[in-house]
Amino acid sequence: MYQDSNLLISQSRRKCMSEVIRKSVALLTTIVPTEDKEEWSATEVSRQLDIPIQTVHRLLSSLAEYGFVFQNNETKKFRLGFTLMHLGFLIRDNLSIRNSALPTMEKLMKKTGESVYLTVPEGTEGVIVDCLNKNVLSKENEIGMRTPLCVGASNKAILSHLSADIKQQIIQKLIEQGEIRDVKNLENELKLIAKWKIANSFGEIFKGTVTIAAPIFSWEGRVVASISIVFSETNFKDHQSKYLMNEVKKAAGVISEELGWLKSS
């Protein structure tokens, strides 16, 4: 009987903790700043999430204690704290792929004069983990941007080199999500990318731009990222495209070798 009581208490505590975490995550994602709104009142959060105002105040106070949330002393409203930014940068800086890629990204930007991006796969999406922006776009909001792996050269360079099973699983999920309209066209494009180890796209992720991308491989020969250059369509010249594609492919090869990839594999 005593053990059964302890088990019930333990289960109750876990359920309670899980609920607190769920509400905290919902709260943090609610107060993400937008172009129209930078701060939120506790009342607004309560209405948005349909959570009692007392609970919202308690959670906000706890999150503020650790810097995850900041309260403006004048408006009494809340916004995300810099602790989240700090943790985000720690994750980014500790990515071995990024650390290995950064020197080569810098060289590629200087050599081509174009913006350089590093993208890694996560589930059915490609995530921008770093960018060295030369002159095309605003860096704000680019790092962390997620787009389906069927869209854009940087993502297709990854998707085309995944194992057949994983690739088909991802394509099927993207079809179910309504992201793919013409499967045969995509599959044909992926075959060409896999053959030449280079991809290009026009305005698929960033409107009015051209993207040239190449896959990056780990020591196991597994695709783990892509490196790409992005530039304005108005600057695109056919006679330069071969040179740019070669430079991107070379950069991808250098980073892959840094990760232990053997060219012969």
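Pro33 sits in the loop that connects helix H1 (2–30) with helix H2 (42–49), where helices are DSSP runs of H or I with at least four residues, strands are runs of E with at least two, and both are numbered from the N terminus. The model is a predicted one, in which local features need pLDDT of at least 70 and side-chain atom pairs count only at pLDDT 80 or more, while totals for chains, interfaces and linings use all residues. Residues are numbered from 1 along each chain as its sequence is written, and side-chain values use heavy atoms, with hydrogens and water left out.

With a relative accessible area of 45%, Pro33 is partly exposed; buried stands for under 20%, exposed for over 50%, and partly exposed for values in between (1.4 Å probe, protein chains only). Leaving aside residues up to four places away in sequence, Pro33 touches Glu38 and Leu80, a contact being heavy atoms within 4.5 Å. Arg79 lies 46 residues from Pro33 along the chain, yet their C-alpha atoms are separated by 7.2 Å.

Turning to the chain as a whole, the secondary structure comprises 9 helices and 8 strands. Of its 265 residues, 40% count as buried. Among contacts with a separation of 6 or more, 53% are between residues 24 or more positions apart.

A search of the whole structure returned 1 cavity of 30 Å³ or more. On a 1 Å grid over the protein atoms alone, a cavity is a set of points where a 1.4 Å probe fits but cannot get out, and lining residues have an atom within 4 Å of a point. Grid points are joined across faces, edges and corners, and the volume is the space filled by probe spheres set on the points. The largest cavity holds about 100 Å³ of space. Its lining has 13 residues, of which Thr119, Ile128, Ser154, Ile205 and Phe206 are the closest to the centre. Strand E3 (115–122), strand E4 (125–132), helix H6 (153–159) and strand E8 (223–232) each give two or more residues to this lining.

Methods. On a 1 Å grid over the protein atoms alone, a cavity is a set of points where a 1.4 Å probe fits but cannot get out, and a pocket is an open set with protein on both sides within 12 Å along at least five of seven lines; lining residues have an atom within 4 Å of a point.
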